[in-house]
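Here is a short briefing on one protein model and its ligand. Keep the structure open beside the text and find each residue as it comes up.

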Amino acid sequence: MLLSGRVAVVTGAGQGIGKAIALKLASWGADIAAVDVNLDAATETAREVKAMDRRAAAMKVDVVSVKETEEMAEKIFKEFEGLHILVNNAGITRDGLILRMKEEDWDAVLNVNLKGTFNCTKACLKYMSKVRWGRIVNISSVVGVLGNAGQANYAASKAGVIGFTKSIAREFAGRNITCNAVAPGYIETPMTASLPEKVKEEIISKIPLGRLGGPNDVAEAVLYLTSNAGGYITGQVLEVNGGMSM
Ligand code: NAP
(Lines give C-alpha, C1' and ligand atoms only; values in the text may rest on other atoms or scores of the structure.)
Protein backbone atom coordinates (compact mmCIF):
# COMPACT_ATOMS: atom_id res chain seq x y z
CA MET A 1 0.00 0.00 0.00
CA LEU A 2 1.55 3.27 -1.18
CA LEU A 3 0.17 5.31 1.73
CA SER A 4 0.02 2.86 4.65
CA GLY A 5 0.58 4.62 7.96
CA ARG A 6 -0.01 8.08 6.51
CA VAL A 7 -2.62 10.47 7.83
CA ALA A 8 -4.15 12.73 5.17
CA VAL A 9 -6.22 15.88 5.62
CA VAL A 10 -8.44 16.72 2.65
CA THR A 11 -10.38 19.99 2.65
CA GLY A 12 -13.64 20.27 0.76
CA ALA A 13 -13.87 16.48 1.09
CA GLY A 14 -17.67 16.36 1.19
CA GLN A 15 -18.21 16.18 -2.56
CA GLY A 16 -16.68 16.47 -6.02
CA ILE A 17 -12.92 16.38 -6.43
CA GLY A 18 -12.18 16.47 -2.68
CA LYS A 19 -14.31 13.41 -2.03
CA ALA A 20 -12.64 11.53 -4.89
CA ILE A 21 -9.21 12.45 -3.48
CA ALA A 22 -10.16 11.31 0.04
CA LEU A 23 -11.43 7.95 -1.24
CA LYS A 24 -8.43 7.48 -3.54
CA LEU A 25 -5.86 8.13 -0.79
CA ALA A 26 -7.82 5.83 1.56
CA SER A 27 -7.91 3.09 -1.07
CA TRP A 28 -4.10 3.19 -1.04
CA GLY A 29 -3.85 2.92 2.73
CA ALA A 30 -4.13 6.44 4.19
CA ASP A 31 -6.27 7.38 7.17
CA ILE A 32 -8.43 10.38 6.33
CA ALA A 33 -9.60 13.57 8.02
CA ALA A 34 -12.48 14.68 5.79
CA VAL A 35 -12.86 18.43 6.28
CA ASP A 36 -15.71 20.52 4.91
CA VAL A 37 -18.13 23.32 5.83
CA ASN A 38 -20.85 20.77 5.10
CA LEU A 39 -20.59 18.29 8.00
CA ASP A 40 -23.21 15.87 6.65
CA ALA A 41 -21.30 15.53 3.37
CA ALA A 42 -17.95 15.11 5.18
CA THR A 43 -19.54 12.49 7.45
CA GLU A 44 -20.66 10.48 4.42
CA THR A 45 -17.12 10.61 2.97
CA ALA A 46 -15.71 9.46 6.33
CA ARG A 47 -18.25 6.62 6.42
CA GLU A 48 -17.09 5.42 2.99
CA VAL A 49 -13.46 5.58 4.13
CA LYS A 50 -14.22 3.56 7.27
CA ALA A 51 -15.91 0.94 5.06
CA MET A 52 -12.43 0.39 3.55
CA ASP A 53 -11.10 -0.41 7.05
CA ARG A 54 -9.21 2.86 7.39
CA ARG A 55 -9.49 5.34 10.24
CA ALA A 56 -11.52 8.43 9.34
CA ALA A 57 -12.90 11.56 10.96
CA ALA A 58 -15.36 14.10 9.60
CA MET A 59 -14.75 17.69 10.67
CA LYS A 60 -16.78 20.84 10.12
CA VAL A 61 -14.18 23.50 9.40
CA ASP A 62 -14.34 26.78 7.51
CA VAL A 63 -10.87 27.07 5.97
CA VAL A 64 -11.13 30.86 6.11
CA SER A 65 -10.94 30.76 9.92
CA VAL A 66 -7.46 30.77 11.45
CA LYS A 67 -8.87 29.51 14.75
CA GLU A 68 -10.82 26.63 13.20
CA THR A 69 -7.90 25.49 11.02
CA GLU A 70 -5.44 25.59 13.94
CA GLU A 71 -7.84 23.57 16.10
CA MET A 72 -8.38 21.17 13.19
CA ALA A 73 -4.66 20.41 12.78
CA GLU A 74 -4.12 20.00 16.53
CA LYS A 75 -7.11 17.66 16.86
CA ILE A 76 -6.07 15.51 13.89
CA PHE A 77 -2.48 15.20 15.12
CA LYS A 78 -3.67 14.11 18.58
CA GLU A 79 -6.41 11.73 17.43
CA PHE A 80 -4.48 10.07 14.60
CA GLU A 81 -1.02 10.43 16.19
CA GLY A 82 0.34 11.97 13.02
CA LEU A 83 -0.35 14.34 10.17
CA HIS A 84 1.54 13.68 6.95
CA ILE A 85 -0.49 14.79 3.94
CA LEU A 86 -2.53 17.94 3.33
CA VAL A 87 -4.65 18.45 0.23
CA ASN A 88 -5.92 22.03 0.00
CA ASN A 89 -8.95 21.40 -2.19
CA ALA A 90 -11.78 23.54 -0.74
CA GLY A 91 -12.67 26.20 -3.28
CA ILE A 92 -15.51 28.34 -4.55
CA THR A 93 -16.40 30.45 -7.60
CA ARG A 94 -18.29 33.77 -7.74
CA ASP A 95 -18.09 34.54 -11.46
CA GLY A 96 -18.75 37.86 -13.15
CA LEU A 97 -17.20 40.31 -15.59
CA ILE A 98 -14.78 42.60 -13.79
CA LEU A 99 -16.79 45.83 -14.20
CA ARG A 100 -19.77 44.14 -12.55
CA MET A 101 -17.85 42.11 -9.99
CA LYS A 102 -18.80 43.02 -6.45
CA GLU A 103 -16.17 43.53 -3.79
CA GLU A 104 -17.72 40.74 -1.70
CA ASP A 105 -17.37 38.31 -4.62
CA TRP A 106 -13.68 39.18 -4.93
CA ASP A 107 -13.14 38.84 -1.18
CA ALA A 108 -15.08 35.58 -0.81
CA VAL A 109 -13.13 33.81 -3.56
CA LEU A 110 -9.73 35.09 -2.44
CA ASN A 111 -10.56 34.20 1.16
CA VAL A 112 -11.60 30.60 0.59
CA ASN A 113 -9.24 29.68 -2.26
CA LEU A 114 -6.06 31.52 -1.25
CA LYS A 115 -6.30 32.47 2.42
CA GLY A 116 -7.87 29.08 3.18
CA THR A 117 -4.85 27.41 1.57
CA PHE A 118 -2.51 29.60 3.64
CA ASN A 119 -4.40 28.87 6.89
CA CYS A 120 -4.48 25.09 6.48
CA THR A 121 -0.89 24.90 5.25
CA LYS A 122 0.45 26.96 8.15
CA ALA A 123 -1.55 24.96 10.70
CA CYS A 124 -0.48 21.55 9.30
CA LEU A 125 3.18 22.41 8.64
CA LYS A 126 3.71 22.71 12.38
CA TYR A 127 3.04 18.97 12.72
CA MET A 128 4.70 17.82 9.49
CA SER A 129 7.86 19.61 10.61
CA LYS A 130 7.93 17.54 13.82
CA VAL A 131 8.29 14.29 11.84
CA ARG A 132 10.32 15.83 9.01
CA TRP A 133 8.08 14.29 6.35
CA GLY A 134 5.19 15.88 4.57
CA ARG A 135 3.29 16.18 1.33
CA ILE A 136 1.17 19.21 0.49
CA VAL A 137 -0.91 19.33 -2.68
CA ASN A 138 -2.78 22.51 -3.51
CA ILE A 139 -5.62 22.35 -6.02
CA SER A 140 -5.18 25.23 -8.45
CA SER A 141 -6.89 25.41 -11.86
CA VAL A 142 -6.22 25.76 -15.57
CA VAL A 143 -7.88 29.15 -15.08
CA GLY A 144 -5.03 30.15 -12.75
CA VAL A 145 -2.57 29.30 -15.53
CA LEU A 146 -4.40 30.73 -18.57
CA GLY A 147 -6.85 33.27 -17.09
CA ASN A 148 -10.53 33.34 -18.05
CA ALA A 149 -12.95 36.14 -18.90
CA GLY A 150 -15.55 36.41 -16.14
CA GLN A 151 -13.33 34.74 -13.54
CA ALA A 152 -10.77 37.42 -12.57
CA ASN A 153 -11.25 36.70 -8.86
CA TYR A 154 -11.01 32.92 -9.31
CA ALA A 155 -8.02 33.16 -11.71
CA ALA A 156 -6.17 35.50 -9.31
CA SER A 157 -6.80 33.13 -6.39
CA LYS A 158 -5.64 30.07 -8.33
CA ALA A 159 -2.56 31.83 -9.76
CA GLY A 160 -1.84 32.95 -6.18
CA VAL A 161 -2.00 29.32 -5.08
CA ILE A 162 0.76 28.50 -7.60
CA GLY A 163 3.10 31.22 -6.26
CA PHE A 164 2.30 30.14 -2.72
CA THR A 165 3.07 26.50 -3.62
CA LYS A 166 6.51 27.33 -5.01
CA SER A 167 7.39 29.44 -1.97
CA ILE A 168 6.40 26.72 0.51
CA ALA A 169 8.32 24.17 -1.59
CA ARG A 170 11.47 26.28 -1.21
CA GLU A 171 10.95 26.98 2.50
CA PHE A 172 10.34 23.36 3.52
CA ALA A 173 12.42 21.25 1.12
CA GLY A 174 15.13 20.98 3.78
CA ARG A 175 12.63 19.28 6.08
CA ASN A 176 11.62 16.65 3.52
CA ILE A 177 8.25 18.29 2.95
CA THR A 178 7.18 18.67 -0.67
CA CYS A 179 4.58 21.12 -1.90
CA ASN A 180 3.04 20.90 -5.38
CA ALA A 181 -0.02 22.17 -7.18
CA VAL A 182 -2.44 20.21 -9.34
CA ALA A 183 -4.20 22.39 -11.90
CA PRO A 184 -7.32 20.63 -13.19
CA GLY A 185 -9.06 21.62 -16.39
CA TYR A 186 -12.85 21.30 -16.57
CA ILE A 187 -13.95 18.49 -14.28
CA GLU A 188 -17.51 17.19 -13.96
CA THR A 189 -18.51 18.04 -10.36
CA PRO A 190 -21.31 20.01 -8.66
CA MET A 191 -19.16 23.13 -9.27
CA THR A 192 -19.42 22.77 -13.06
CA ALA A 193 -22.87 21.11 -13.17
CA SER A 194 -24.62 24.40 -13.86
CA LEU A 195 -22.62 25.16 -17.03
CA PRO A 196 -25.04 25.27 -19.98
CA GLU A 197 -24.69 22.37 -22.48
CA LYS A 198 -23.58 24.81 -25.19
CA VAL A 199 -20.72 26.09 -23.01
CA LYS A 200 -19.69 22.51 -22.20
CA GLU A 201 -19.58 21.65 -25.91
CA GLU A 202 -17.47 24.75 -26.58
CA ILE A 203 -15.04 23.74 -23.80
CA ILE A 204 -14.82 20.14 -25.05
CA SER A 205 -13.96 21.41 -28.55
CA LYS A 206 -10.78 22.92 -27.03
CA ILE A 207 -9.71 19.74 -25.21
CA PRO A 208 -7.40 17.52 -27.31
CA LEU A 209 -8.52 14.39 -25.39
CA GLY A 210 -12.10 15.30 -26.35
CA ARG A 211 -13.87 15.04 -22.99
CA LEU A 212 -14.30 16.80 -19.67
CA GLY A 213 -12.29 15.30 -16.83
CA GLY A 214 -13.69 13.32 -13.93
CA PRO A 215 -12.83 13.77 -10.22
CA ASN A 216 -10.87 10.52 -10.38
CA ASP A 217 -8.50 11.98 -13.01
CA VAL A 218 -7.48 14.63 -10.47
CA ALA A 219 -7.36 12.15 -7.57
CA GLU A 220 -4.84 9.95 -9.45
CA ALA A 221 -2.48 12.93 -9.85
CA VAL A 222 -2.78 13.77 -6.15
CA LEU A 223 -2.07 10.14 -5.23
CA TYR A 224 1.15 10.23 -7.23
CA LEU A 225 2.37 13.45 -5.63
CA THR A 226 1.54 12.31 -2.09
CA SER A 227 3.21 8.90 -2.38
CA ASN A 228 6.90 8.05 -2.14
CA ALA A 229 6.84 7.77 -5.95
CA GLY A 230 6.49 11.56 -6.11
CA GLY A 231 9.12 12.21 -3.45
CA TYR A 232 11.61 14.02 -5.73
CA ILE A 233 9.01 16.42 -7.11
CA THR A 234 8.43 19.75 -5.42
CA GLY A 235 7.31 23.23 -6.44
CA GLN A 236 5.63 21.92 -9.60
CA VAL A 237 2.28 22.44 -11.22
CA LEU A 238 0.81 19.22 -12.61
CA GLU A 239 -1.81 20.15 -15.22
CA VAL A 240 -4.63 17.61 -15.47
CA ASN A 241 -6.70 19.00 -18.30
CA GLY A 242 -6.79 16.64 -21.27
CA GLY A 243 -4.13 18.68 -23.04
CA MET A 244 -6.09 21.93 -22.99
CA SER A 245 -3.16 24.18 -22.06
CA MET A 246 -0.30 22.79 -24.14
P1 NAP B 1 -17.32 21.52 -5.28
O2 NAP B 1 -18.04 20.37 -5.90
O3 NAP B 1 -18.03 22.82 -5.15
O4 NAP B 1 -16.79 21.05 -3.83
C5 NAP B 1 -16.09 21.93 -3.00
C6 NAP B 1 -16.30 21.53 -1.56
O7 NAP B 1 -15.61 22.49 -0.73
C8 NAP B 1 -17.78 21.58 -1.15
O9 NAP B 1 -18.11 20.47 -0.34
C10 NAP B 1 -17.84 22.88 -0.37
O11 NAP B 1 -18.89 22.90 0.58
C12 NAP B 1 -16.48 22.91 0.29
N13 NAP B 1 -16.15 24.27 0.76
C14 NAP B 1 -16.48 25.45 0.19
N15 NAP B 1 -16.04 26.46 0.94
C16 NAP B 1 -15.40 25.92 2.01
C17 NAP B 1 -14.75 26.47 3.14
N18 NAP B 1 -14.69 27.79 3.34
N19 NAP B 1 -14.20 25.62 4.06
C20 NAP B 1 -14.30 24.28 3.89
N21 NAP B 1 -14.91 23.71 2.85
C22 NAP B 1 -15.46 24.51 1.90
O23 NAP B 1 -15.97 21.81 -6.07
P24 NAP B 1 -15.07 20.86 -7.00
O25 NAP B 1 -15.49 21.05 -8.39
O26 NAP B 1 -14.99 19.50 -6.42
O27 NAP B 1 -13.67 21.62 -6.84
C28 NAP B 1 -12.72 21.26 -5.87
C29 NAP B 1 -11.47 22.11 -6.08
O30 NAP B 1 -11.00 21.94 -7.41
C31 NAP B 1 -11.72 23.61 -5.92
O32 NAP B 1 -10.60 24.22 -5.32
C33 NAP B 1 -11.89 24.09 -7.34
O34 NAP B 1 -11.57 25.45 -7.48
C35 NAP B 1 -10.88 23.20 -8.05
N36 NAP B 1 -11.13 23.04 -9.48
C37 NAP B 1 -12.32 22.53 -9.94
C38 NAP B 1 -12.50 22.39 -11.30
C39 NAP B 1 -13.76 21.83 -11.87
O40 NAP B 1 -13.89 21.85 -13.10
N41 NAP B 1 -14.68 21.30 -11.07
C42 NAP B 1 -11.49 22.77 -12.19
C43 NAP B 1 -10.31 23.29 -11.70
C44 NAP B 1 -10.13 23.41 -10.33
P45 NAP B 1 -20.31 23.60 0.14
O46 NAP B 1 -20.75 22.91 -1.11
O47 NAP B 1 -21.19 23.33 1.31
O48 NAP B 1 -19.99 25.04 -0.08
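Val-87 sits in strand β4, residues 85-88. Strands here are DSSP runs of E with at least two residues, helices are runs of H or I with at least four, and both are numbered from the N terminus. The model is predicted, so local features need pLDDT of at least 70 and side-chain atom pairs pLDDT 80 or more, while totals for chains, interfaces and linings use all residues. Residues are numbered from 1 along each chain as its sequence is written, and side-chain values use heavy atoms, with hydrogens and water left out.

**Buried residues**

- Is Val-87 buried or exposed? Val-87 counts as buried because its relative accessibility is 0%.
- The cut-offs are these: buried means under 20% relative accessible area, exposed means over 50%, and partly exposed is in between (1.4 Å probe, protein chains only).
- Val-87 and Lys-158 are 71 residues apart along the chain, and their C-alpha atoms are separated by 14 Å.
- Leu-83 lies in the loop between α3 and β4. Its relative accessibility is 1%, so Leu-83 counts as buried.
- Leu-83 is 74 residues from Val-9 in sequence. In space, C-alpha to C-alpha, Leu-83 and Val-9 are 7.6 Å apart.
- Lys-200 belongs to helix α7, residues 197-204. Lys-200 is buried because its relative accessible area is 14%.

**Positive phi angles in loops**

- Asp-53 is not a glycine, yet its phi is positive, at about 70 degrees.
- Asp-53 is in the loop between α2 (39-50) and β3 (56-60). Its relative accessible area is 71%, so Asp-53 is exposed.
- Arg-132 is not a glycine either. Its phi is positive, at about 50 degrees.
- The loop between α4 and β5 (134-139) holds Arg-132. Arg-132 is partly exposed because its relative accessible area is 48%.

**The ligand and its shell**

- How many residues surround the ligand? There are 28, and the closest are Asp-36, Asn-89, Tyr-154, Ile-187 and Thr-189.
- The shell has 14 nonpolar, 11 polar and 3 charged residues. Nonpolar means Ala, Val, Leu, Ile, Met, Phe, Trp, Tyr, Cys and Pro; charged means Asp, Glu, Lys and Arg; the others, Gly among them, are polar.
- Helices α1 (16-27) and α6 (152-172) each supply at least two residues of this shell.
- A ligand oxygen is 2.5 Å from an N or O atom in the side chain of Tyr-154. Another entry is Gln-15: an N or O atom in its side chain is 2.8 Å from a ligand oxygen.
- Taken alone, the ligand exposes 900 Å², and the protein buries 88% of that. Such areas come from the Shrake-Rupley method with a 1.4 Å probe; for residues, only the protein chains shown count as cover.

**The second largest pocket**

- The second largest pocket has a volume of about 180 Å³. On a 1 Å grid over the protein atoms alone, a pocket is an open set of points with protein on both sides within 12 Å along at least five of seven lines, whereas in a cavity a 1.4 Å probe fits but cannot get out; lining residues have an atom within 4 Å of a point.
- Points are joined across faces, edges and corners, and a volume is the space filled by probe spheres set on them.
- The lining of this pocket includes Val-66, Glu-70, Phe-118, Lys-122 and Tyr-127.
- Helix α4 gives the largest share of this lining, 6 residues.
- By class, this lining has 5 nonpolar, 2 polar and 4 charged residues.

**The cavity**

- The count comes to 1 cavity of 30 Å³ or more.
- Residues lining the largest cavity include Thr-11, Val-63, Asn-89 and Cys-120.
- This lining has 4 nonpolar, 5 polar and no charged residues.

Note on methods: A residue is near a molecule or strand if one of its heavy atoms lies within 4 Å of it. A polar contact is a pair of N or O atoms within 3.5 Å; within protein, one must be able to donate a hydrogen and the other to accept it, and residues adjacent in sequence count only if both atoms are side-chain atoms.
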